[in-house]
Structure formats: structure tokens, C-alpha cells
Amino acid sequence: MRHIRPNIFRRFALFGVVSLLAAPGCSCERSERKAGEVVVLIDSAPESLDRRFALSAVAQRVTTLITPGLVRIDDDGSLVPDLAESFERVDETRYRFVLREGLTFHDGTPVTSRDVVYTYKSLKLRGSPLSPRYDPIAKIEPVGERTVDLVLAEPFAPLLIDLTMGIVPRHLGDKEEYEDRPIGAGPFKFASRPSEERIVLEPFDGWYGGKPDVDRLVFAVVRDETTRVLSLLHGDADLATGSISPILIPRIEEAEHLTVQRRPGSGYAYMAFNLRHPILSNVEVRRALAHAIDRETIARYKFRGAARPATGMLPEGHWAHSPARRWHYDPAVSEKLLDEAGFPRKGDGGERFRITYSTSTDRFRKSVALVVASQLEAVGIGVNLRAYEWGTFYGDVRRGRFDVTTLMWTPVVEPHLLHWVFHSDSIPSEENDWVGGNRGAFRNSKVDRLLDEAAENLCPDQRAGRYARVQEILAEELPYVSMWHEETVAVVGERLEGFSASPFGFLDPLAHASVRPAPGSEADE
Amino acid sequence: MKAFLARRFLAAIVSIIGVTLVVTLFLRAIPGDAVDVMLGEQAGEVDREALREAIGLHLPPHMQVWTFIRDIATGELRTSLPPFRARVLPLIGEKLPKTMLLAVVAMLLAIAMAIPLGVLSARKQGTATDHGAMIFSLVGVSVPQAWLGPVLILVFAIHLGWLPALGGEGARAIVLPAITLSLGMMAMLSRMTRSSVLDVNREDFVTTARAKGLAERTVIWRHVVRNALVPVITIAGLQFGALLAGAIVTEKIFNWPGMGTLLIESIQRRDYNTVRACVLVFTVLYVLVNLVTDIAYGIVDPRIRVRGGKR
Amino acid sequence: MKAPFDIILRAMVLPGARPTDDEGHQVIPDFASSPKHPRSRRISRQERIRRTLRRYLLAWIGLGLVTLVTLAAVFAPWLSPYTPDAMNLANELAGPSRAHLFGTGDNGVDVLTHVLYGARISLLVAMLTTLVSVVVGVSLGALAGYAGGMVDGLLMRLVDVVLAFPGILLAIFITAVLGPAVEHLILALALTGWVGYARLARGQVMALRDREYVQAARALGATPLRVVVRHLLPNIAGPILVSATFGLPAVILAEVALSFLGLGVPPGTPSWGALLESGSQYLLVAPHLAAFPGLAVIITVLGFNFLGDGIRDRLDPRGRRAG
């Protein structure tokens, strides 16, 4: 004992020195990435790999690669056939879809019309939170092995957009383990999910578009933005879409091996008011707020130009877009409106009233919220900024637990979204199981009527007319203050060739991309 | 001695009970309706009721405490976020080892660095080396982790590209977080080591050893350092709990998926049940480690010097 | 939080760091100074002067740093080139320049301004927390020490319990529930901060209780309150002061940690912790952002520690004799 102990201490001391010296020394090896592997960074973990239960944007994007639907959305926002080779409107309430020939699921079984029928029926039977969207479907009938008819209860123009729902094999879809091992007919098949933070897909050689030219597709969940950017800069990842703050983009553009692809965005950022709030229910107050926010400046500097101030939900260039009243930044007018509405400043330069402004803890969103809050404070509106993690925040908003909030609708393709957001039937409540996007409880009978007509009215021109009127009214009544349309940004590494970012942030283009080994990556090994 | 141990043991138990009471009943003590505070004034009655039920506010106080303890013990405690109320314990089971790993590595690192530094400093007492080492340790306790961590990332991960910045997997990922977490403790322990070595150096048995003509090296390592380390290791043990608490900040800086991250995320999710479960787990660990160290020290200390002296 | 503030409080400063010390005697390990056994080592007169100078030099430096930070905090509105809420989106996260000596932060706020105002928050929280802790701790400690018996037993058990509790965690819990605000921060930190002072006061009072002058006062019919306030407290003020001087930087570090975690001050409030937080987020594009608030924290904490060392050496007769 006596002789050993001192040695231990000496070794101990040595260990201290060595461990410090050795630490940096042993760290020069590069990541052990295989040549044909593509790593895609996502900022949160998909809550489900079953397309029928995928609510978040990230889950829908990942699951769509595995389980595509009858149709998909093209880059210009139009619907094009996907698993269906064609579709047609037989009459006002009947649509006919014909599946591509020789389609198979990843397990080799053929895709038939019965799988389509099963998929849509299972939404309700299995209690998918998405199922209310399919309520307009009265029945769904297989007509032949490859043909299926959708019958609506009444004419409903906007339904098609929801037929992007992934087709699930009927012999597997009810199995408990389906969610962990999803199978579809998409370009990529599920390989493994080694942890919550990693999802591995492999190319499917039976895909109708031909086997994708990558060996493996790895989705890595990296919640921290700095880490995402570092991984890209270090060449540890090949793709990140839509989750990089504008301020970091110039830093990324400096790196030679990275390309930043920008797509004119139709993501619609807005400020929503809770019209149940005693003060915010006053339209003059809402107008005052609209005048108080300097959207031009925020779009120019916070977004570095990657956003355009918006006048309404639909972006310019959309078929149903119609220019509406623009609320210019004018704090003086704002103060005047507030004075007239009966909310004078208390004392000299004091506060008029206080509201709670909810936002998420996302770094960039919170930082923008601080700017907006300071602009509101400048006209005498006190703001309590409350930041919660995305899920909690979104849950609050969905159930109407907010005064004021800023949020974004993902790219708007189908103007029927206006119904979901501003129709009085869409006010979420306990009775309708909190389904509906009219979270601020906006009620306007004229808007209701116009939206109803637009949904039934099948001629695009007539629909556009109705929507134009709706947009006009909304811009006057201001249940939302339109903030801006945001660009979609993708950062692409040089190994990933032929990837052309989708303006909607979809990941479908991965099916057409290929990998080449980065020059110099072998030399490093 | 027995009385001392009994008192420590009792205090530990009472602390754990105390924390349990605080985390269960604190919501009742705050002014206003806790549910209002958490959900905001626009919340509907249904949501309020659901939350009340999830966190036990619908029960009388004693039942609330009892339910909480029972749910923790049976693993039935669930997150307070309707509608998907997952069990809390598996979450903690997954995160706790990661925090323990970080804290243990940080502590070993601190000890491994502090002891040589302290011994060196004591042996060169009064020299520039000594002053340098002691100023380093003074600075060491003054540096906030929230600054040190980012600086390390900047230098080693971003500029030099040697180490992964945040999160990540494998042995390399722990280097920067462990250094960040250990610096304060390292600084403190090196001062402790120095003064402890100086103290022991003056003891009679050391003088005797020197008088016997033993080589200085032998005297220092075999007699002085060995004895001097007892209080140092004890303090290190006592501070392990504090290191666990410090890990909360380190985990945030480095995106380390441990208890601290879970705690902060739960706070941001307003998941009150997970928050209090985390606080309770941290406390129990803290109390237990302290208790074990206390007992170990109590047993070892009274005799060690005597025996050392006889050699 | 760095060196979780218990580490510093308990191991460096406050009694109770060593488990065997039950009577609350200060067992400051007496770093950087003075052998406790004068006989064991002979120190030349020159050496002693040199060391005294060195020690007091550090203390003076400490005093200088503390004064500097305090002045910065008090005069922040006059010293700051901008107001803390002045944003300049066009000049976001820019490096130091003539217009912004410390650069700009998120949304283009002036970092220098925020560092100066941050000093206010940090010092305010530290001083108020320490004040509350000292008042509560010393009152209870003195009561326990003077009364002895049951009262003492109960209070000391309570102290044991609170000491066995990781203070920063309780602070996290409380600020998480109550929401970020300066008052909540002070409440949360003082709730565990008082025990150290209670232990110290109790030990000191017990040691002095039976001194002749105290007995004399009692014999002359002084009420217990009077005895404590007039005769005991003045004599224990020194150690309390030393303890508080070391306690302050610990509170500052705790406040920085909590604000860093987003639990300290409301979003948008200028504070060192919040600056460090955004600094750690924008490391890639604005490395200057974390640097300045970090230096401010280090300077302040180091200043208090140097000062505390000096005051302790000055007040502790044993230490002085030996040194």
C-alpha cells in the first residue's frame, strides 16, 4: 500500500496534464461519413413518421419522402399527379384518380385503389388530428384495381390540396409498429431511427421516378442554430432548409463549399389579435397597432431583404391575390387613433394599456418580437413579452390563449385557408374539439358568406372575385395585421448535386439529387 | 460521532421532504391564481381545469403532496401538458446519466488539475509560480461559465476546428463542456490543496520524517500530500452536488442533452410536473452525495493524521 | 452558473464548508495568506513587508475595481452613449466602432450601454439580496446563539436543512414559477442566502455571550435585545462584513447564470447574463458580444474577491499576527 499510493498520486498529476494535452490532439479525424450519404439538418424531431399523424411541417416533409400521396404541389403552387398518373373531375362532386402502372410499396406489394380507400378511411378510424379536413368527402369508392373515385357531399373546390395525404398500405397501416417502421411508395424507404435525433432512409429502387442517386439519407435533428451552421461550415451536413436566421446567411455565403438557394416566399407572417380581449376588440385600436409597426424596416434589416411587406395572406402573383389597403408606418397617426379610441397616455408619456405578446423561444422570432414590442411601446402600449417553447406557444394560440401574437402560415397555396382562418365556423372551441384556425374569434357575416360561396363556386374567376372582396374586408377590419411574406432559404453543400430548393421548403427535390464525394474529403481521412 | 451522523442523516431527510413540500405547495403560496399566471387570462375554463388536475391543484394540500410522492414513487407522474401526457420518469432516466457523466468527468478533471497545481504552488510558496497559480485560481472562480463556454467554442471549435462545438456524440464532445464546468472547482480546489499542504507540512510527523533524513520528494508525496488530500477530496465530494447544479448552465451552452436541458426545456414548455420532478431529483442527488461525503469524512478524518504521524 | 454559488459561499467563505465544524467557527482555509503556526516557519521582516504590501495591493486593486463598477452602475444613465432600448436595426451585431465602443448587439442595441445598465441590475440584485440575507441571517443567528436551548436547536436544524439544499436550484424553480423579474430574483436568492450568515452570527454570539463585559451588561439589567444590539452585534460586524464581501460576487454570478438561462430579468432588460446569452447565440457572427459583458462580470467578481481577502486579513487578528 504505502509504496503504491504515492505513485497513484504522481500518475494522477500526470493524468491531469496529459488529459489536457491529449484532448485537442486526438480530435483531428473528420466525421466518419460514407461517400454516398447525404445528411439533412432539421431543427426539431418529427413527432410521428406516420404521415397520417404528421402535424408539424418537418414531420410532413420527411414523411412525404416515404409516403407520397395521390397528388403533390409543384414549385409554382399547382397540383400535379404524384402516385396518381392522372385525375379528373367527373362532375361537380366526383373526382376520379388513376394510379400509375406497376406501383409498389417498399415491401414489394402493389399499390391498389383499396390502399387509397383504406388510407382515407383510416384517418377518421384511427383518430388522426388531420381527419376534419377530409369531412367534405362523402365516400370513396374503388372503381378498378388502379382507379378510385372521391365523392363529395357538396361541391368543395379546395379539397384537392389535402389529397397530398400519403398513401399507406392497408395491410400494415393498422399495425402498432407502423409508426416506427413506416412503409409507403415514395422515393425513399425507412431504414432505421437509431435515436430520437436521427432518422435514416435508403433509396427505393422501385420508385416510379427511378432509384434516387444517393446511398443513404440521414436526417439529423440539431436544435441549436449555431450548431447547424457550424455543421454546414465544417462540411458535416449537406442540406438545411428554412431554419437559418437571415443574419447568418452572409457568413454561410462566404464558405465556398456552400450555396444559398433563395426562393421567393409565400410564407405569410402576421400579427393576430384576440378579439375577445376587451381593448383589442376595438377596431380603431387594431388600426392604431397596424400603423405603429414599421414592417418595411424590419423586412429590410432583420430579414436582410428576404421578406416583403404583405397586405394580406395571399402573396402577389397568386391567382386569388388582390391588392388591399396597406397600413403605413406612422406612429403619429397611431397615437392619434389611440387617443380618439379612448386610451390616452396616463400622465406625461405614460402607458395607455398593457397587453401580453406571446411568441416562441426561437432566437430569431423572439428577436423580431422584441423589435415589434419596442415599436408598440413607442406609441404608449405596454407589452409583456412571453416566450414559450414552440409546442406550448402554439398550443396556447390554437386554443385562443393569447392577447397578441405573431406567427406564420406556411406557404399558402389554396385560398380556402381563408375559410379555415377567418370563417366564424372555424373558431376553435371545446364543442368542435378545438379544430379551426380562427383563433382570435373574428366574426363577420359578410366574410362568412363570401367564403362559403367561394368554396362552392368552382370557376376560378368567380372564386377569385369572392376572395378579393374578403381580402378587402380583412384589410379594413384587421383581425390580423399582415406583416410580410418570407423567402424560403436552403443551404446546400457542394456534395449535393442537382438539388433545387422548393419555394415551400419541401424535401421532394432530394429524390432527384445526387451525391459526389467532396474534393479533399478523402485526403483528410 | 454517532450523534453527528444521525444529525446529518436527519437533516438530509428533512431537506428532501422540505423540497418536496416546496415544489408541490409553492403554487398555492403565490399571490393570485397560479393557473392564471401559467395560462394567461384568455384561457378557457376547460383548459384551466385540465391544468389544475394535471398539477394536482384541484386537491387539498395534503393530498396534493401525497399524490405527487405516490406518482413519483410508482413512476406514474406525467407531464402537465394535456393532451399528450407522457411519463416523466423515463425522460429523467434518459437524461440523468448524461448529466452524471458530464459532472463526473468535470470533477475528475478538476481534481486532476487542481492537485498538481496546488502542490506545486505550496512547494514553491512565495515565489512567482505560487503567486501566478493563486491569481489564476482567483480569476478561475470569477469567470462565469456563460462566458468561458462560448470562448472555448469560439477558439477550439470555430477557429481551430479541433473539437465539436455543441452537442454531438462521442468522447470528443465532452471535452469543452467538462472544462467549462470544472474551471471554478479546479480553481477552488487548487487553493484548498495549497493551504492544506502548507498546513500538513508544519505537522510534527512531517518534521520527524525530515529529521529521519528521508528524501524531500518522499516526504512531500508520501507524508504531506497524502494527508493533505483528505480535506481536499472531501470538499470535492461536497461540491459534487453543486457541480450538478452548475451543469444546467453548461448544458445550455453546449446543447448537452442532460437534466439541465430537460429542466430548462420543461420551464419553457411550462411543464410544471417535469420541472418539479427535475428539481427533486437534483436535490436528492445533491443531498445524498453530501451525506455520503460527510459520513466518509467523519469516519476517515479523526484517525488519518495520527496514523500518518506514526509512520 | 460558475462555481455554483454554493461552492464559493460554502467552501471559500462561509462557515460550514467543513463538515466537522459544528460550532460555526470560521474555517476559512486562509488561502493566499499566512501559515497558522508562526513557530513552524520563520519569515523575515522584509518578506513580511513584501507580503503585506502584496496583499494590500490586491485589496486596493479590488477596492478600485469595485468602486469603478459601482460608479458605472450609479451613473449609467449619464455615462451611456445611448438609451438601453434604442434599437438600430441597420447596424445589428456590428463590431466595436467609434460610435459603439463595445459594438452592437441583437437589434442593434449599444453593448456599452447595456453593460453599464447591466452593472445596475447586477449590483442592485447583489446588494439587496445580500442585505436581506444579512438582516434575516444575523437576526436569526444571533437569536439562536444568545437564547440557546430549544430555539437554537430548532433554528440550527433549519439551517442544516437549507444548507443541504442546492440554492441555485431553488432559485431556478422560484423564478421559473413566478416569471422573470428583479424582485423574484432577489427573493429566490435570499431564500437560501441567509443561512450562511445565520451560522456565522450564531457562532460568534455564542463565543462572546459569556464574556465578562456581556455578563456585566446583563447584571446591570440590560434587556437581551439591548445586550445583543449594543454589545454583541458591533463585535461580530467584522466577520459578517467579510462574509458579505465574499457573498456579493457569489450572488452576482448566480444572477448572471439565471439571466443567462432566461430566468433572471424580463426579455429586453439590459443585463450581463442576457448579454452573455445573446453572445453565446451569435458567436459565429458577433464574437465581441460575449466578450465585454464577460469582462465586466470577471472584473466585478474579482474586485469583490480581492477586497474580501483584504478586509479579512485586516479584521482577523489571528491572520494578521501570523502574516
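Is A:Asp425 buried or exposed, and what is its relative accessibility? A:Asp425 counts as exposed because its relative accessibility is 57%, where exposed stands for over 50% relative accessible area, buried for under 20% and partly exposed for what lies in between, with a 1.4 Å probe and protein chains only.

This is a predicted model, in which local features need pLDDT of at least 70 and side-chain atom pairs count only at pLDDT 80 or more, while totals for chains, interfaces and linings use all residues. Residues are numbered from 1 along each chain as its sequence is written, chains are lettered from A and ligands numbered from 1 in the order in which they are written, and side-chain values use heavy atoms, with hydrogens and water left out.

**Chains B and C**

Helices (H or I, at least four residues) and strands (E, at least two) are DSSP runs, numbered from the N terminus. The two chains can be set side by side, with contact meaning heavy atoms within 4.5 Å and accessible areas coming from the Shrake-Rupley method with a 1.4 Å probe, where for residues only the protein chains shown count as cover.

| Item | Chain B | Chain C |
|---|---|---|
| Elements | 13 helices, 0 strands | 12 helices, 0 strands |
| Buried residues | 58% of 311 residues | 62% of 323 residues |
| Accessible surface | about 11800 Å² | about 12600 Å² |
| Part from carbon and sulfur atoms | 67% | 65% |

The C-alpha trace of chain B spans about 85 × 55 × 35 Å along its principal axes. Chain B carries 32 positive and 21 negative side chains, and the centres of these two sets lie 14 Å apart; Lys and Arg count as positive and Asp and Glu as negative, whereas His and the chain ends are not counted, and the place of a charge is taken as NZ of Lys, CZ of Arg, CG of Asp or CD of Glu.

Within chain B, B:Ser190 belongs to helix α8, which covers residues 175-201. B:Ser190 is buried, with a relative accessible area of 0%, and, when residues up to four places away in sequence are not counted, B:Ser190 touches B:Ala114, B:Leu117, B:Gly118, B:Met134 and B:Ser137.

**Surface patches**

Patches are made of residues with over 30% relative accessible area and no salt bridge, like charges being joined within 9 Å and nonpolar side chains (Val, Leu, Ile, Met, Phe, Trp, Tyr) within 5 Å; a salt bridge is a side-chain nitrogen of Lys or Arg within 4 Å of a carboxyl oxygen of Asp or Glu. A:Asp425 lies in the loop of chain A between α11 (417-422) and α12 (445-456), and together with A:Glu154, A:Asp452 and A:Glu456 this residue forms a negative surface patch.

In chain C, a nonpolar surface patch of about 470 Å² is made by C:Leu124, C:Leu128, C:Leu131, C:Val132, C:Val135 and C:Val136. One of these, C:Val135, sits in helix α4 (residues 111-147) and counts as partly exposed because its relative accessibility is 48%.

**A buried loop residue in chain A**

A:Thr311 is placed in the loop between β13 (307-309) and α8 (331-340) of chain A. With a relative accessible area of 16%, A:Thr311 is buried, and its contacts, not counting residues up to four places away in sequence, are A:His321, A:Ala324, A:Arg325, A:Arg326 and A:Ser482.
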